[in-house]
Amino acid sequence: MKEKLLSLTHSGETPEKYFHAVTPPVFLTSLHIYDRFEDYADADILKEDEYIYGRDANPTVSILERKIAELEHGSKALAFSSGMAACTAAIMATCRAGSHIICMKDVYQPVTHFLNCFCVPKLNMTVTYVSGNDLDEVEDAMKQKADLMILESPATFVFRVVDLKQIAKLAHRYEVKTYIDNTCMTPLFQNPLDYGIDIVMHTMSKYIGGHSDIIGGVLVSKDQELMDRIQTQMREWYGGILGPMEGWLAIRGLRTLYARMMQLQDTALKVAEFLEKNEKVVRVYYTGLESHPQRDIILKQQKGHTSLMSLILDATVEQSIKFLDDLKLFGKGCSWGGFESLALMPLYKATEEELTQRETKRQLIRLYCGLEGADNLIEDLEVALKKL
Ligand SMILES: *Cc1c(COP(=O)(O)O)cnc(C)c1O
């Protein structure tokens, strides 16, 4: 953690270039001008500190990218206008028409929508969904040749984890590229590139931004050739670079990331332990609990825990909705990662098929613990549980 704290606060910055300002400027510029035409013509966007046009690269965004690359132990990071823009860029850069993709069943829903409703019908791709826990199942899928495996660990909803080292080992054997959504771990609590995963994605709209005021995403990898290709083909040509103001806000978010994550995981553990002991709660899904069925994998690869968790009450869908409405400190809204606590039933409108695939119930409640403190959140939950 020692080096990481420096990446969050100082590294990647060059104050001597900006009048020694402690905070870097927001480079609100769409282009860079040169005195000599040949200097302009020879500028190379793939080189550090060479800029031509704001869709290729931006100096404020580059500071953020240097920090993220360091934090995730990659050689290069690229920021996009959203997490989904980063995710789809990674898919498009590693796959082609007709590609076979292996995807974990419980990844972030819009990713499966993109695969099922765009990649399959429009680009003739095929997708094999796996739990990610049965390595024989993963290997069988890889034997059918695949270009990409999409992972998320811990994954949305039931916080399943997968053994990143084992999966990366198989993927290297079968020459399958691996991609992971590492958003809920932040670069502080899990570094998948260290385990042999090829591409890491973070939605900066969540913990990295940290204040519920930006949308942004970032990819990072050790594979320089792949990242240069993504910068040209997927960012310059598809055009989804992060804006300079969002880049600046993400840099600011990073400065306090460690402090926030320490409080958040402490709060979440207290909340999860409180819920687990309540007789009206059937099940709590949280990676920090000793009762998590995959505790051995968690201890091996995670250095900390998210403040997201799910629970199932001893209640119907309607009673669970009333419970949500009885919560006063938890706003009813999607997203997470900011200062404010949130609660919702993410699968309320899911199809029966989707519920079966995700191995859970419609009344699953997801809680995001914010920065209001464990005592306040537990008090709020206690009142709502008593009314149940
Ligand atoms: C929010 C979220 C995304 C998508 O990020 P956007 O910036 O909204 O596109 C992807 N993965 C996870 C786990 C998320 O929570």
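**The ligand and the spaces in the model**

An oxygen atom of the ligand is 3.2 Å from an N or O atom in the side chain of Thr203. Such a polar contact is a pair of N or O atoms within 3.5 Å. The model is predicted: local features need pLDDT of at least 70, side-chain atom pairs count only at pLDDT 80 or more, and totals for chains, interfaces and linings use all residues. Residues are numbered from 1 along each chain as its sequence is written, and side-chain values use heavy atoms, with hydrogens and water left out.

A polar backbone atom of Gly83 lies 2.8 Å from an oxygen atom of the ligand. For Ser205, a polar side-chain atom is 2.7 Å from a ligand oxygen. On its own, the ligand has 380 Å² of accessible area (Shrake-Rupley method, 1.4 Å probe). The protein covers 89% of that area.

Ala, Val, Leu, Ile, Met, Phe, Trp, Tyr, Cys and Pro count as nonpolar; Asp, Glu, Lys and Arg are charged; the others, Gly among them, are polar.

Where does the ligand sit? The space it takes is the largest pocket; sitting there requires more than half of its atoms within 2 Å of the pocket's grid points. The points belong to a 1 Å grid over the protein atoms alone. A pocket is an open set of points with protein on both sides within 12 Å along at least five of seven lines; a cavity is a set where a 1.4 Å probe fits but cannot get out; lining residues have an atom within 4 Å of a point.

The largest pocket holds about 630 Å³ of space; a volume is the space filled by probe spheres set on the points, which are joined across faces, edges and corners. This pocket is lined by 32 residues, and Tyr108, Lys206, Ser335, Trp336 and Arg366 are the closest to its centre. Two or more lining residues come from each of α4 (83–94), α5 (109–123), α9 (204–208) and β10 (342–344). The lining divides into 16 nonpolar, 10 polar and 6 charged residues.

Now turn to the second largest pocket. Its space is about 350 Å³. Of its 20 lining residues, Glu48, Glu65, Arg66, Lys76 and Ala77 lie nearest its centre. At least two lining residues come from each of α3 (59–71), β1 (76–80) and α10 (224–237). The most come from α3, with 5 residues. Here the lining has 7 nonpolar, 4 polar and 9 charged residues.

How many cavities of 30 Å³ or more does a search of the whole structure find? There are 2. The largest cavity has a volume of about 40 Å³. Its lining includes Glu13, Tyr18, Val22 and Ile63. By class, that lining has 6 nonpolar, 2 polar and 1 charged residues. The second largest cavity holds about 30 Å³. Gly209, His211, Asp213, Ile214, Leu249, Arg252 and Gly253 line it. They divide into 2 nonpolar, 3 polar and 2 charged.

Definitions and conventions
Helices (H or I, at least four residues) and strands (E, at least two) are DSSP runs, numbered from the N terminus. A polar contact is a pair of N or O atoms within 3.5 Å; within protein, one must be able to donate a hydrogen and the other to accept it, and residues adjacent in sequence count only if both atoms are side-chain atoms.
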